[in-house]
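Q: Please take a close look at the charged side chains here and walk me through how they pair up. I would also like to hear about their surroundings.

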Amino acid sequence: MQQNPALNKLFHEVTAVSDPNAMKNLQPMSDEKRQFLEDALREATGDRYAELKKAIATLKSNESNDGDRTEALELIQMECEELDVANDLDKLDGFDVVVEHIYHTDPETRMNAAWVIGTALQNNEPMQQLCNQKQILPKLLQHMASEDDVESLQKQLLCVSGMVKHNKEGLSTFEDQGGLTTLCQQWCTHNENKIQKKAAFLLFSILHCHADGEGAIAGFSKKYPLCVDTFVSIVQQNLEKDFDSTVVHIAMMGIDQLKACDEAKSKKDTIKQLLTEINKRAKADEDFKNLVGTLPESLAAAF
């Protein structure tokens, strides 16, 4: 293994002063030795955020082209997979400029910018609070309603998911801005499978995280009819077109989550018909049967 000269020098100095005999005669550090240690430490560790700072500067530069911005955003996204780096993004004056690029004219730039924020939000309460404070969600939802690039929309849904799950304030904003209605009526029935899958899982996660838990929003049950209709529509849509077992499984879990509410019970006959078709699929497809497990039996017993 190649030795790092700077670390070797630093190690020599540290072990020298930690020697008990040397400690007895320890003298105040001279300016020359202090500078030597500072230089050795800087050489050994470098500026951890040097490349990140360069990437942020690239995003701010008017001379950068789409390729430059894509490369910069990809680097920032990888760095933000580390929680402490994600939480330092705003301190490095990088958060706002990344968010601005979610609304860029270039779809790849929009996609990568949303990916950065979505990555930074994963299991990250301080980042959720930052998004709450900066009111990121309202503008993002407004933009998403007319987003025509599938890859960008997919990453923007990742951002929304990070802002609303286990975040009562974020979910309240989501609902106030009509986000739940748009999620159900537009994205959960999207003709692109990857969007429908992401949206269906987000809807299920919202119910799982908030509707029946301690963080329940007052009046959220008023949206149960919309949620039930959406999950039923997802199953129907997949039975009528290219069948996606994962999406159907998510929708079935959503129905199971809401099976005790009156809105689900009012659709008893429709749900029973869907279960009949699902059981036929399960008999013909071993992988789907293993995926759904005992869920069809559980739903059948409820209805």
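A: **Charged pairs and their surroundings**

The count comes to 14 salt bridges in this model, which is a predicted one.

Asp88 forms a salt bridge with Lys91, and their closest N and O atoms are 3.4 Å apart. What does the relative accessible area say about Asp88? Asp88 has a value of 19%, and because buried means under 20%, Asp88 counts as buried.

The side chains of Lys134 and Asp96 meet in a salt bridge, with 3.1 Å from N to O. Lys134 sits in the loop between α9 (125-133) and α10 (136-144), while Asp96 belongs to helix α7 (residues 95-100), so the pair ties together parts that are 38 residues apart in sequence. Both ends are partly exposed: Lys134 has a relative accessibility of 32%, and Asp96 one of 35%.

Another pair of this kind is made by Glu175 and Lys223, whose closest N and O atoms are 3.4 Å apart in their salt bridge. Distant parts of the chain are linked here, 48 residues apart, with Glu175 in helix α12 (residues 168-176) and Lys223 in the loop between α14 (193-211) and α15 (224-240). Glu175 is partly exposed, with a relative accessible area of 22%. Lys223 is also partly exposed, with a relative accessible area of 23%. Going back to Lys134, there is a further partner to mention: salt bridges that share partners join Asp90, Asp96 and Lys134 into one network.

Asp68, Glu71, Glu74 and Glu108 gather in a patch of negative charge on the surface. Helix α5 (residues 66-79) gives the largest share of this patch, three residues. Glu108, in turn, lies in helix α8 (residues 107-121). With a relative accessible area of 41%, Glu108 is partly exposed, and therefore passes the patch cut-off of over 30%.

Gln156 is found in helix α11 (residues 150-164) and is buried, with a relative accessible area of 0%. Leaving aside residues up to four places away in sequence, Gln156 touches Ile102, Ala114, Leu140, His143, Met144 and Glu147.

Finally, here is the setting for these side chains. The chain has 20 helices and zero strands. Of its 303 residues, 43% count as buried. Among contacts in the chain with a separation of 6 or more, 71% are between residues 24 or more positions apart, and the bridge from Glu175 to Lys223 spans 48 residues. The accessible surface of the chain comes to about 16,500 Å², and carbon and sulfur atoms account for 47% of that.

Note on methods. Residues are numbered from 1 along each chain as its sequence is written. This is a predicted model: local features need pLDDT of at least 70, side-chain atom pairs count only at pLDDT 80 or more; totals for chains, interfaces and linings use all residues. Side-chain values use heavy atoms; hydrogens and water are left out. Patches are made of residues with over 30% relative accessible area and no salt bridge: like charges are joined within 9 Å, nonpolar side chains (Val, Leu, Ile, Met, Phe, Trp, Tyr) within 5 Å. Accessible areas come from the Shrake-Rupley method with a 1.4 Å probe; for residues, only the protein chains shown count as cover. A salt bridge is a side-chain nitrogen of Lys or Arg within 4 Å of a carboxyl oxygen of Asp or Glu. Lys and Arg count as positive and Asp and Glu as negative; His and the chain ends are not counted. The place of a charge is taken as NZ of Lys, CZ of Arg, CG of Asp or CD of Glu. Helices (H or I, at least four residues) and strands (E, at least two) are DSSP runs, numbered from the N terminus. Buried means under 20% relative accessible area, exposed over 50%, partly exposed in between (1.4 Å probe, protein chains only). Contact means heavy atoms within 4.5 Å.
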